[in-house]
Each structure stands twice: as structure tokens, then as C-alpha cells.
6 protein chains.
Amino acid sequence: MKIVTLGEIMLRLSPEGNGRFVQADCFRIIPGGGEANVAVSLANYGHQSCFVSKLPEHEIGQIAVNALRRYGVDTQYIVRGGARVGLYYAETGASMRPSKVIYDRAHAAIAECDPQEFDFDEIMDGAQWFHWSGITPALSNQAALLTRLACEAAHRHHVTVSCDLNYRKKLWTSEKAISVMSPLMQYVDVCIGNEEDAQLCLGFRPDADVEGGKTDADGYHRIFEQMIRQFGFQYVVSTLRESYSATCNGWKALIFNGKEFYESKRYEINPIIDRVGGGDAFSAGLIHGLLTKKTQGEALEFAVAASALKHTIGGDFNLVSEDEVESLVKGNANGRVQR
Amino acid sequence: MKIVTLGEIMLRLSPEGNGRFVQADCFRIIPGGGEANVAVSLANYGHQSCFVSKLPEHEIGQIAVNALRRYGVDTQYIVRGGARVGLYYAETGASMRPSKVIYDRAHAAIAECDPQEFDFDEIMDGAQWFHWSGITPALSNQAALLTRLACEAAHRHHVTVSCDLNYRKKLWTSEKAISVMSPLMQYVDVCIGNEEDAQLCLGFRPDADVEGGKTDADGYHRIFEQMIRQFGFQYVVSTLRESYSATCNGWKALIFNGKEFYESKRYEINPIIDRVGGGDAFSAGLIHGLLTKKTQGEALEFAVAASALKHTIGGDFNLVSEDEVESLVKGNANGRVQR
Amino acid sequence: MKIVTLGEIMLRLSPEGNGRFVQADCFRIIPGGGEANVAVSLANYGHQSCFVSKLPEHEIGQIAVNALRRYGVDTQYIVRGGARVGLYYAETGASMRPSKVIYDRAHAAIAECDPQEFDFDEIMDGAQWFHWSGITPALSNQAALLTRLACEAAHRHHVTVSCDLNYRKKLWTSEKAISVMSPLMQYVDVCIGNEEDAQLCLGFRPDADVEGGKTDADGYHRIFEQMIRQFGFQYVVSTLRESYSATCNGWKALIFNGKEFYESKRYEINPIIDRVGGGDAFSAGLIHGLLTKKTQGEALEFAVAASALKHTIGGDFNLVSEDEVESLVKGNANGRVQR
Amino acid sequence: MKIVTLGEIMLRLSPEGNGRFVQADCFRIIPGGGEANVAVSLANYGHQSCFVSKLPEHEIGQIAVNALRRYGVDTQYIVRGGARVGLYYAETGASMRPSKVIYDRAHAAIAECDPQEFDFDEIMDGAQWFHWSGITPALSNQAALLTRLACEAAHRHHVTVSCDLNYRKKLWTSEKAISVMSPLMQYVDVCIGNEEDAQLCLGFRPDADVEGGKTDADGYHRIFEQMIRQFGFQYVVSTLRESYSATCNGWKALIFNGKEFYESKRYEINPIIDRVGGGDAFSAGLIHGLLTKKTQGEALEFAVAASALKHTIGGDFNLVSEDEVESLVKGNANGRVQR
Amino acid sequence: MKIVTLGEIMLRLSPEGNGRFVQADCFRIIPGGGEANVAVSLANYGHQSCFVSKLPEHEIGQIAVNALRRYGVDTQYIVRGGARVGLYYAETGASMRPSKVIYDRAHAAIAECDPQEFDFDEIMDGAQWFHWSGITPALSNQAALLTRLACEAAHRHHVTVSCDLNYRKKLWTSEKAISVMSPLMQYVDVCIGNEEDAQLCLGFRPDADVEGGKTDADGYHRIFEQMIRQFGFQYVVSTLRESYSATCNGWKALIFNGKEFYESKRYEINPIIDRVGGGDAFSAGLIHGLLTKKTQGEALEFAVAASALKHTIGGDFNLVSEDEVESLVKGNANGRVQR
Amino acid sequence: MKIVTLGEIMLRLSPEGNGRFVQADCFRIIPGGGEANVAVSLANYGHQSCFVSKLPEHEIGQIAVNALRRYGVDTQYIVRGGARVGLYYAETGASMRPSKVIYDRAHAAIAECDPQEFDFDEIMDGAQWFHWSGITPALSNQAALLTRLACEAAHRHHVTVSCDLNYRKKLWTSEKAISVMSPLMQYVDVCIGNEEDAQLCLGFRPDADVEGGKTDADGYHRIFEQMIRQFGFQYVVSTLRESYSATCNGWKALIFNGKEFYESKRYEINPIIDRVGGGDAFSAGLIHGLLTKKTQGEALEFAVAASALKHTIGGDFNLVSEDEVESLVKGNANGRVQR
């Protein structure tokens, strides 16, 4: 199935292993970015996964294009031009030392693009699904307009739309986010994000009676109900991370389709190899699940298992096959050697 | 003491660290193979450890010979010739992601050897022990014949014989295994393998009353008794692995000499650095233990400690000294720095 | 503030990751040494941290000087000359396999120095603190004399003196240690070391009634009281390590100022990336804490948090900022990504 | 333009730098193979470059597919299945020490394919050019049949066909080669190969009077004339390598279109970074040149410059752009930094 | 002697060895920049070498500071703040393939600095020499103003000023360069640059009669005479590079002090390990030479030898000692092992 | 044939590639040493090559033992004990920058050995050849005694003795060398070394009439005649190196058997990968040649070709086969790929 994602792909520059920035004498080059990560996962699951972005014509831009092609992403809608590939520096923590990210993404080609360079009617033609995240419109006014144009075209072409709210305080204020994101919610069918994201991106205020018990399943159920009432989503979905340390996390997720509420199995991941891209692996798993599974519960279990596996893989991309995810969904978590 | 092992040595090709195959841009070259791993351990413990195999004359064959020589294995009985060194690709899992092995060992020199190239009377002359595993006869009909010739020569020269049953479904069917392995059991003094291996390799069927409780010590005791009755082994030995994840395992072992049943201390290994070769480290530790310790219990504790240490060492070979194993047997498991 | 440390800086030569010595084909070069590690931490916290030592003029000596300069240590008092840079080989254990250290530090430039090459009146001029450890006088008779000259100059210049007893049985006997160290205690204000170090370095014998309960806080309290009575320290401080394995340790510390006894928060570190230098990170954190915090308790919490973080960083040096330590003191131990 | 290539893609396993096989502890993974190398070059020049082959479904097969996708090759016609990816081990020489190649390509998926798995009418539909080399039919009888079916389909679809004779004595005898290759020459428009290849692959015998002067341009002219007369080629083309050492080569080429003979500029390449794939880079440059340039001379100059550049690039693939080749054709060979 | 340099320090990100950008999976981190390179050389020669710049407070900025400290540069005048460390990507060519540089330095902290953050009266106090290059004022209007303020302060403090014209067409037009650079020439005592740089940066037009023979020594003599006449320099100096390939260059230099013209020895460098920073190594050698040698000829020979050695060292910094340069000046170029 | 060598094996610690010491963050571990290098070559040529030395029991000593075993050297006569493995640091030059060696070999186990630990009657029993160099007796008085004992035993057992004079000014003075070496010459059959070595090690003074023309073949002829007259050697042999740069050398050799003088082919090596061990490769080639070839000329050509190849191989050991040397002797120096 043709699935469209829109966003930025950056180069992550990281010291080897658990090294600190100031110890590094080389950086691993790890291409990634929220929607690009989703695109790679979807290509892994066999879809025609089209990533829409803008990248410079020079070889550094080509590195990003090649990384996507390598894993089967359709790059035909990537516009070439502009000066910079966005970067971020990341070091990987351990135990009580957190991982650390330093962004150097301002002035990237996609942030300074002219939205007219993209023909969204051509892009959305024949597509089944369009996914974006709150990071993209946060990049710049041009990127916000770009996102709106993409949503409108998706709407015209009857494409299902999912949005990972993903509020990033380094990129914009909550006020700005609300002014940009709120009007776009009319196009969104599947909303991925917890109540805090909804508050910061959408100005959502949970009812008083919900506030009290929001950390249990019942609390989430009521919050999700209210979000659907307010924004008209078809699904509200959220992951729940329990951070014990940089090395060990608990991980599960919740979904509500307006009628039924479902809570997934919980995974304890120890050790975490790389948690960057965990949420994106979840979004991709969810999209694949909702497109191919019978129930929202099966879709959610696929998404949670896929993203749990992501934590065991270095880099932003979730390089697992559908079979590997299904095997974990079925309970094969004992790590015995596959010969 | 002169100890003979017979089998294949392959090159394991592995991505760095926990990398996936599709992320790799180079492979670590890790020589190994069931009996070769046993041979290296025995050389480490000070024996004249003779590994018998066939390897091509070219430099890739030489890589395997050199790896054995480096760790003190006597390679004088390795026949040189043939076209291929067997390979296997392996990636190392983490948490709930299992390690994965892809074999490329068909047509290896040892599998296509002419058994007449080996002079087993010379090889077994002066030897104390001969060890082989179920992998070797599974390689090909020639290799099965080779194994039989080796067993017969060992018998002629009054050499103690141990066999690690090690059923591998990728190499042969249970039917084929039974037809090849069963006739060889008359030569085997020490049988290493659990009841499942015995079933698949030897057609062993535990009595009905044993079936029920087979997972506790008592159950194993009765199964081992029945195996000795049926095949005339001097010892039956088995390891027990509890797989919690690719990173954390429990590990212990059991031995029965026809009279007494002994269950070893249990180790919890976390993190596992590399579990490939853990069983071979156990076999080598057991052989060394039975040759040098007063009781089967002491032999088994040496074997279990040796193989627990193997899990903390990268590569197939268990590069530990006798002193290091003894130190762990004595309870020094707290990991304090040895200065 | 100007802080002086005196000691040896060596090159640690280590296989990659958890590799064993005999597997290595290259060694990481990791400059370090007790007091040098303290010096780097203090430079990280913004002090004028002067490390006093002797290093050959050749490029291998320069490697050590450059490592100190890189992290902001003032190297102006390092005398250049002599033939050798001290070395130590170290491999990093995992699970029940301990890390292992092989020293090759005899005949290093500092051990064979002429104490007259150092002008301690110039060095101590304007200094606030002088730190040394029991390793330095253990290196050689010259180094012992050097330490005494430094202590005397510190005393003349009214510089606070801390000493990490740090008994090393590979370097000297307890008898020799006591004869050298005891006369130096008159200059020491802050004694870092447990009762075992005190016994071996100072000939300290805890009262009979203390012996019984020495492993609980109350026991330590009474031992510390006795040490202060006997040696006249202003503070006695000790860390407590619980070694579960080479990968997982518990870690906390105790301080007594003659009046109040304080026991720090306990950290469980899993996985340990590199525990070498953990004690030095503690000493540096304590010095910084005592110089800048209001209470001994705050100083100790800073020191324990700093050294817990050290365990998550490769190499001897504790490459953390004051802010990062403070963040952990405040309880941010969940390892969430810092964006 | 749609261009089809047919052949094997292998993994080259190589020690780092100039290391010898027996020194290696890891192998660089370098995907490559005659026609695959041509396909990558053509994708670099902007064509729809379709590589036709068979590769196992497992991850090692996927490594090869991903390498092609990374550089823009269309992999839709690659059949998945079979057991092995062909391998070759290669070490890189220096000065008077030659590079060395050890093949391990027998039983590769493409060599054991069923030609019916490929739909050449679909593959050749809309194609402008089809390129193959003498290596492909040499792999096995199935591969020879596969090549014939491809040639016939190309003929049916009026696709221009080029063939690089590329005789490999390790793969077949001259007799076998002649019996397979000769009947295929009727489909070939552009023959790449020198008179020695023509002799071994096609049974070509130059006239007596040509023999004498064959090493100068005039000699080649007459040989090429005779080859065209005998086999009906549209073009005969050959490269000329002068091997001074493993590090320094001279490099030029010759072309004859039945009327005019053209000899290219000569390049001296020093140092050679990697000469594997130099001939394939030439073939790709020639195809691109003949498709887009006005004269055979311009096409040949593009081909020679492209392949000269290949010698300065590690790996089989010629990762240069059309602009970079054109710049060298124009004479920019002084190596000044491009800022 | 206190020597001040002003400019940008960037991180060069480079593939290993001769790898191309699109092949890279990691980048070497190589700190460097015209004036920073000069500063490191001068610290190597024993001067108090103060580098003035602005760098972000975060760890990526710290990497640059630490690199300078490691090699002994005084970093006390580096202002911390701003968002970006300038970057440039560089791949290293070979033979006829040129090295390639892609800049990503816009919006670096130094380019967006507020010149008031720098106290040049304090900086120039006690300094003997101030060096800058045409790159610094080209970065931005703020950086141009910064350069002017520095020159004026140097003038007030009677500091000798050298300028490497270094025209970079990617940073500014010749018109802009002339308008900024010309007024600054009144402060410059030593002008480093050829007649082309003088044309583009200063609007210099050689007399018609000079034009003709400008490529021989006589031609340069007359051009230098004219430059001194026009701009009042004390010395005009220029290097001459003969680019045979990316691997082999000829290298010499010329100096004119208004009276005498001197042409240096010529070096042929083969292979070049890294030519980036060659010109900066020359500038540093010249400054050191003019400060410490008796004649301009000796100074020039030191500078040329120093920069020839730079070509044999990876990275921007010329990590050679004064002794090593002197040894080459004396003619020890045969590369015999120094034991 | 059983061949005995006596000497030290050290670990060479080297930065990667052409990196300088102060740039290194890891060292390659390269075991080597004059006689050890000879031993490895002889094992490569199929001899029972016994290396006699002393090495510590710890793992660093084991690294050296394993390196020898890996390449087939018989290590049974290596005594284990003592504290240190000798080290040397080496960086590899390029162009006009020389390679640089810093020794850290004092106090190595072999230098501090007790000669009584070695049973030379057992060692020389059955041996054909004994080789040593002037480095071994230079290590210490014990090592000098050890060398004498070995020579005497060789004499008793009628073993041919070769000596590479190899004067090292860092290890001893010429006076000391002459006093130790001269009395040992009575045992030497084959003397390897030029007239300068003979002067410094043996106090040799060429006749006045020889001095004049000593640099041409005729001059060498007369010097060699005089050396044989004076010391009673059977052969005098010397290599001749022309050092153009660290990257390019000329290389040939001369031999005189008392009757005939022979001058070998000359090789130009460019680039040199690693010249350390070149002389040892020559000695080994000469020993093998004299033992297996018909004439001294053939022996010398084998030795020169072997050592030319050594320059193209990283590390001290000459990892070439007899076939590879023979191929170069026959003139195959064009570096064409061996498939």
C-alpha cells in the first residue's frame, strides 16, 4: 500500500558506544528523523513508503537519500535543493547517566523550503495513509504551511491521516504550537500522543474529575474519550514509558476507538541499545496494524512489540521484519538463538 | 594428556556489537565450531589438544589453522585440501531480540573429505580421550563415515570417548540422525545431552512415569538412569539453560554416573557477552574435570563454572585459564578488579 | 580556586569493550592515575587544578601531558625528563568475570625523580587545597620523600590537605606503608579510606567493641571517631562498594567531622561502563563539596553522585560537569533523554 | 533511460587497507560483481538501471539488495530464493605484491536458479540497452541458459546489447566458453574485450599478418576490423592496462565502429586505491557515452575517464557523478581541492 | 612570546582514509580552521599562543576548545555562547580525484558574535604578534568589524600584524572583499598571499610589464615590489604549489622585504597525507621564523619545511616540533627511521 | 629442518596508519623483534622454527607467545617468568617525514633472565642452523652470557651459525659491543652486516686502499674479503638500502663466499607499507636459501625478494609463502591481481 510521510531527515552524529561527546574522535553517521523513521519501518513491512522532504543536492544530502533508498523507501518526492542537512549530536547514556541530544537543525533545507515546490495532489494520488508529526510544522512557518497543504491534499484524496503530536519545547512555544496544530486536527483520524502533548499542542484541558486518576487505565480511558469528543479523532493512542534508568525501561501502550479501550502487554527492556526512534517505530507499527489487523487490540500489540524491538537496535531505524514482530507478539521473548 | 577432537572449524562472520546483519559494513572473523571450541579449551588447560579436520590449502583455510595454533591446539592431524571453509553468519541479540545464525557451511572441505585421508590409528595412538559431537556426522555421509572410523580406532586404542549429542535440525532429520548415531553409542563412555537430544538423535523414549516430572532433578535422575540402561554410558550429563532474554540466562548442569546423581550450583549470567560456544566450554570443562578431579561433582562444578565464564567472553573460544575457573568454583563471583 | 594534586599519570592500555588481553589486536590508550583523575575532575568543576608529576620529554610523555591539558588541567608544574611513562594493562570484565589489571609501572619517571626538581614553595603558593594518595609514596623512596616535601610545603602555606589512603599490596608491604604514611598524617586534614586501609597504611587497630558491629553505620561511626582521636583528622570519609558482579555494584559513602556522622544516599549502578577511577571521582567530588557546600552532608552527596556517574563513563577521568552531578543529587536518575 | 544488466552480485570480504588475509580480524563487506558494478554506475548517471539476478531471501541476500538500492539501482527484477550469496575474499597488494582473490561463489543462488523464474519479456519491455558479461554464462549451465533467454528477449524487444567478454579461467575452459558464447554473439552490438578474450571466449584467430604488430594501435585496428567482420558487431572496444606495480598503472582504451578507429587519452594512476571494478566502470561509461554523446570518441573518453576515477575509489562500485567524469575528461586532473 | 590569532575553529567531518562521502558510516572529527591551525603550530614552537574566537557553551563547542588546549593553545580569550560550531565536510582524494569540501559554517557563533564581547586591549596587551586571515572578515559583517577592532588594538599596542589574504569565493565577492580588506592593510606588516589573492582581496592590479613574466622568480619579484609600494607592507610572502595530482605536489615559497628577494628550496611531497592546513603551517612557520631567525631567508626555509611536513600529517594541525622542522631544513629528507 | 633463533620478542605499539604518537587514541599491538621475525619467516617456509626467549607468565607475555604460535613457530623453549614484556612505540612516517621509534625495553624478562634457565644442549639437539643478532647480547650482561652459551652449544652440536651484526647505539657503546661480540665470531659461519656494523661491533678496520671505493661493488668485494680473512666467516652478506623518502626505497644485497662475489637484482619499493623487519626478512630468506638452493646467488635472490615483499606488509613479520617469494624472484613484479 502507498503510504506517505512528511518531515525532516537529519544526520545524527554520535560517539561510539557509550562515549561522551568530549571523548569522541569520530561520530557515527546515523540518518533519522521522526517521520523518516516511520517511513523506513513501513517499507520494511512491505509498503510503498513515500517520504516527502527537501534535501540539498550535495553529497551530504545524498547520504540521507541513500539511507532511505537502502531500506526501500520511495524517495521520488524528495525535492533537492537548499544548503543544509539538519544535524543532531547525540550521546548514549548508561545507568543513571541520561542520553543527551544537541540539535543543529536550524536552517535545514526542509525548514527553508518553498511549499510550492511540492505537488501534493500527485503525492497523495493513490495513497492509503498519510502520517506526520508535530515536529514538522514546528520547524518553521514554511514547514507549517507545508504541513497544512499536505493535510488538505490528503483530505481531498480521502487518505487516512495520523499525527504524532510530539511536542518539542526547543522548537516552539505551546502558544505557537496550539495556533498551528489546532486547525489541523480536523484532518486527523488517528491521534498519537498523551494528555500532556495534547495540552501543549492542542490546548486540551482534561475535565477536573479526570485529572485525579489520570495515571491508571481508567484515567486514560476518560481522557481519551474527552479528546475524541473534542477533536473528532477516530482513534486516540498513547505509549507509556517507565524510565528506571538509561538502560532499563518499561514500555506499553493504550488505544481507544471511541467505543473500546485496550491496554497492551507490558515489556521490560534491559538493556536498551538505542531508544531514539522508539516512538516512531510505534507509530509505524500502529499504521501497519490498523491497515492489516482485524482489531485495534491486535494493531496495538503489533505496534508495542515493534517498538520494544526498536529499543534493542542501534540507530533511529527499526530494522525488523514483520515476522520478527509477530514472533514477539506471540510471546517469543526469551532470546534463544535463532538458527 | 593427549586429547583428540574431530569436527569442523568454521569462520563466524558477525557484525560489531549488537548490530544487525543489514547494518553491517564489516564482519568480525571469529573462528569456531563445536569440537574446535572444545579443543581450544583443553589446550588452555594444558593438554596436548589435537584437533582433526580438513581445511583448504588457501589462506582462508590458513586463517582457521592459525586461530587454533594461536591458542595452542595441535594442528598436525588437519588434512589440507578441498575448496571451502564453512561459514556462518551470526548477529548478537539483546533483551527480547534473539541472536540469529545463518549457515553457509554446505560443501566445506570436511564435509566433502575422503575418510581415507585420515590415519586414525596414528591419531589415537597415545590418546587419553576422544571427543566428538552429533554435528560432525550430520555434515555429510563422508563425515558420518569419518566419525565411525574415529570411534572404532578410539575403541581399538582404549581411548575414552565422549559425545555431545547436539541435534541440529538444519543439518539432518531425526530419522537420519538415529540411523547414524545409534550404532555409534556402543563406543561412547560419556554422553552429553538432554532427553530431547536423546530422543531426536537416538530414538530414546523415556518411560511414561518419567515423562511427568522430567523438569525437576528427580525427573532427570530417572531419565539418566534409563539412558544408561539403554545405551551403556558410563556418565550421562546435561546442562540446563533458563532463557530469560538474549541478555540474561540461568545456567546449571546435572551428572549421573549410574550410581550417584549430582546437580551443580546455578549461575545467573547478566549480561551475556556471547553465548555461542557455551555448551562446548562445558564439554571441555567436563573432560578436564573427569580426567583430573576426584569426584564427578567436582568435575561438573568445574564444567559449569567454565561455561558460565564463556558467556562473558566474545567469540566461540573459552579463553580462560584453569585458575580462573577454579576461582569461580570457589565462589569468587563478585567481579572485583583483579590487580 | 588553586588546587594541587601530586602523583603519577600512566597510560592504561585496554582491549576494546569486554575483550580479553589475548584477543586484543589493539589497545585503547587511556591516560589516568589516582591523583591525575582527581585533577581532571577538579578542572571540570572550574578550579585551577595543578597536577604535579614528572614525565619523559618524548612523545609518549607528551601524550600524558596533552590528555591533562585537553581537560583543562594546569600542567606547568610537571617536570619533564626520565625514561618511562608508567603503564598498566587492563581488561574489562562482565558478569562474574572480574576486570583484570597488570601493572608495568616500575621505573617510571616520577618513581625515579629527584625531589629537588620540584619547587613546592612555588607550587603551594596561593593554593587552597592539596590532595595526594597512598599510591604516590608507595612508588619509590624518592616518591615518598617527594610526598613528604609536598606535605611540609602545604603545611607552611596553610593549605588544606586530603589523603586517600588507598593501600596497594603490589606496591609495598603494610610495614613499609606504616613507616612512611604514619608520620605524614600530621599534615592531613581530610582522610579518605576505610578501616582496612587505615589498618594497612597506618597500623590503626579498632577497639575491640567496635570490631563486632563494624559493617553497619553505627560501627563505622565509632571507627571514624577513633581514627580522628588517634590521627587528628578534621574529617574521615569512606565509600562503601557492594560488588554483586563486574557489571552491577551498589555504591554509597560515609563522613564524620568529629561531631556528626552522615551516611549518603545509595546508588545501584547497572551496567557499570568503567569502574576504574570511581574512588578518585569521589575524592574530587568531596574536595569540591567541602570547598563550596554548606554542610558535610551536601559535600558527601555531591561526591557520591559524581562517583556514581563516573562508573557510567569509559576511561579513568570523570568527564561530567558540576550541573550534571547536581542534577543527579537532586534525584534525576531516570535516564530520560536530555534534549 | 531503462538499462538492463544481468549477472551475479557477490559480497567481497576484504581485510582493512593493505592487510593480508592471515592478519585480518575483520573483513570489510564490499558488495560487487561485474554487471552489478555496471548497474550502479548507470544509476549514478541518472538512468533507470535494472539489475537482474537471484538472491536468497535471508538477511545476507538482503545486504546485497540494499547495497544496490542505496545507490539507486532498480531491484524489482531480482528473484529472491536459493541458499547462498556468492562470496570472494580479496586482499589488496602494494608495490610488487599483487592483490589476491579467492573465490567462494559456487552454488550461489543465481548459479543454481531456474531460468523460468525470470520474465524477460517484462524485463526488456521499454529497455534501451542490455549489458552482460562472459562471467554470467560461465557460472553454470542454468546461468548460461538464462543469458541466452535474456539475449533473445532483448533481440525481440529491439534492445541494444553489449557484452564484456571477460574470460575467467577459474570458471570454465576455453572450449566450454566458445561453445556457449559463440552462438550468443549474433545478439551483441557492442563487444568489449581484447583479442585474447576473443580468442578464449569466441575461438577468434587473428590473421597471421595482424599477429606481428598487435601491440600498437595499428595492430589493434586490424584485429578489431577482423572481429567485426567475423561476428558482425557494431563496435569493438578494449581497454589497455599497463601494470607497473600493484600501486601504479597506465590506462587507456580503443574503439572501432567499423569505419573509424579511435585511441583515447592515457592516464597514469598512482596510487591505485582499488582496481577491482575498473573494467566495469569502463563498460558503464561506454554505454552512457554511446547513448548520450555525439561521437564514439567522446563516448570512449568518458568511459576511460570514468574508469580511471574508479581506481581511486575503494570498493567495486564507481561512485562518481557524471559531472566529475566530465571534469576529468576536460583535463582537470591536478587534484586541487574542490571547495 | 605572546602571539594572538583571531578566527573561526570548525569541526572538519571526514570519511576514513580516501573514502567518499556517500560511502561513509562515520566521520573523523578534525578540529581546524585557518587561524586555529596557525595557533596550534605556534604553541608547538613554544609560544604563548592565544586563539581568539567564540564558541557555544555546549559540549560540541567544548570539543573545539579541548582540541586547542590539548596542543597547548591558550584559550582564555575564547568567548563562550551562540548556537553553532561551524562545520565542514571534507573527503580526501587520490591520484586524479580531487579532495572535496562542503561547508556548513553559516550561522556559527563567531559569525554571529557581538564584537563588544571581546576586550582587545586586554588581548593585545603584551603581545608580540597578531595574525589573521581574509577568511575571518569574510564570515559576516560582525566578523569584519571584529577584525577591524582587533587590528586597531594591535596597532595601539605596537603589535606586529600578519595577514594571509586567502580569498574564498564561497564566502564573499571580490567587491565586498576589497571594500572590507583594503582599509585594513594599513595595519598589516606581513602580507601572505599571491598576486591573485591581492587582486581579488585588495583590487591590486599588477603593472602591464609585470603581467607577462609573472610566473618566474623575476615576475614575482616585481609584483611583490609593486605590492609593497602600494600597501606599505614590510614583507610580501607567497607559497607556490605545483599540483600534479591529489597525491603529489611540488611546494616552495618566495619572500621580499622591500630590498631583497628570496626563493626557497623546493620540496616534492609524495604521497600527500593531508594537504588541508598546509598554508596555515606555512604562516605559523613564517611568524616563528621572522621572530627568531636572523634572516628572511632562514625564516622562509623554516616556513616551507614546516608546511611540507604538514602535508604528511593527517588533520588540520601541523603536529611537528621545532626540532623536526630544523632537521628537514638541514636536509634530512630521506625518511630513515629515527630510533 | 630444525632452526633455532635466540632473542627478544617485544610488542610494538603503533598509531593507526600514518598517525603521529600525539594523535593516537589507540595503539596497534604488533609483536616483533629481530630474531622473532626471522623465526616467523622460517616457519612460513616450512621449517621447525624454534624461538628461544623468556617471557612473563601473565597475559601480556602470552600475547607474544600466541603471536609466534599463530604463525607456526615452535615455542617450547621459551622460558616463562620475569616481570616485563619489552615494548617499543613506533609511528610510521610518509614522504620526508621519517618513521620514529621510542624504546621501552629495559628490564624485559629476557634481559633480566638467568642463563641457567635454558638448556642449550637440548635446544641445539638435532638443529641445522642457529641464528642470532647483535641486539641480543646488547640487552644486558645476562643476555650476553646467554648468547655465548647458545653459541658454544651450537658449536658442540655442529650447528651452522649465522649472526646479523645489527649495531644499536641506544643499547650499548661500540667499545662494549666489540668486547662482547668479537670473541663470539669464532662460532659464526655466516656474517650479515655491512662494513659500518663490522667496525662498530667487531672493531673491523678496512684497509686503506679499500676505503676509497667502498661504495661500489668492487669496494664491497674487497671489504668482504678482508672480513673473511680476519674473522674466518664462510659467508659475508650485506643489504644495501637507498632511502629516497619514508615512502620509497631502493633495495638490493651482496654476498661473498670467499671465492665468488654476487650482487643481487635491485628493487624499487614504492610505497613502503612497513619497513620494520625488512632486514630480518632478509636474514630468514638467506638462511632458507643457503639451506635449500644450489648457489649463493640463488640464495641471495630469494633473500632480497623476500625482504622486498616484507616492505609491502604491515607489522614486523614477513607473512609471505615460499611460492610468493619465488614468483617475485622469477620477475612477476607487475602487481596484477592473482585470481
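This is a predicted model: local features need pLDDT of at least 70, side-chain atom pairs count only at pLDDT 80 or more; totals for chains, interfaces and linings use all residues.
## Salt bridges across the structure

Let's start with the overall tally: searching the whole structure turns up 126 salt bridges over all chains.

In chain B, the side chains of B:Glu152 and B:Arg148 pair up in a salt bridge, at 2.8 Å from N to O. Both sit in helix 5 (residues 141-156) of chain B, and because they are 4 residues apart there, about one helical turn separates them. B:Arg148 is partly exposed, at a relative accessible area of 37%.

## Pairs that reach along the chain

E:Glu117 belongs to the loop between strand 8 (100-104) and helix 3 (120-124) of chain E, while E:Lys54 is in strand 5 (residues 54-55), so the pair ties together parts that are 63 residues apart in sequence. E:Glu117 counts as partly exposed at 34% relative accessibility, whereas E:Lys54 counts as buried at 9%.

In chain F, the side chains of F:Glu16 and F:Arg28 form a salt bridge at 3.5 Å, N to O. This pair links distant parts of the chain, 12 residues apart: F:Glu16 is in the loop between strand 2 (10-14) and strand 3 (26-32) of chain F, and F:Arg28 is in strand 3. Both partners are partly exposed, F:Glu16 with a relative accessible area of 45% and F:Arg28 at 30% relative accessibility.

## Where chain B meets chain C

The contact draws 25 residues from chain B and 23 residues from chain C. About 2200 Å² is buried between the two chains, with carbon and sulfur atoms giving 53% of that area. On the chain B side, B:Val337, B:Gln338 and B:Arg339 supply 30% of the area buried against chain C, more than any other three residues.

Polar links are here too: 2 salt bridges and 14 residue pairs in polar contact run between chain B and chain C. C:Lys100 and B:Glu324 form a salt bridge, with their closest N and O atoms 3.0 Å apart. Strand 15 (267-269), helix 11 (296-310) and helix 12 (322-329) of chain B each supply at least two residues of the side that touches chain C. Strand 15 gives the most, with 3 residues. By class, that side of chain B has 13 nonpolar, 7 polar and 5 charged residues.

Technical notes. Residues are numbered from 1 along each chain as its sequence is written. Chains are lettered from A and ligands numbered from 1 in the order in which they are written. Side-chain values use heavy atoms; hydrogens and water are left out. A salt bridge is a side-chain nitrogen of Lys or Arg within 4 Å of a carboxyl oxygen of Asp or Glu. Buried means under 20% relative accessible area, exposed over 50%, partly exposed in between (1.4 Å probe, protein chains only). Contact means heavy atoms within 4.5 Å. Buried area is the accessible area (1.4 Å probe) that two parts lose on being put together, summed over both. A polar contact is a pair of N or O atoms within 3.5 Å; within protein, one must be able to donate a hydrogen and the other to accept it, and residues adjacent in sequence count only if both atoms are side-chain atoms. Ala, Val, Leu, Ile, Met, Phe, Trp, Tyr, Cys and Pro count as nonpolar, Asp, Glu, Lys and Arg as charged, and the others, Gly among them, as polar.
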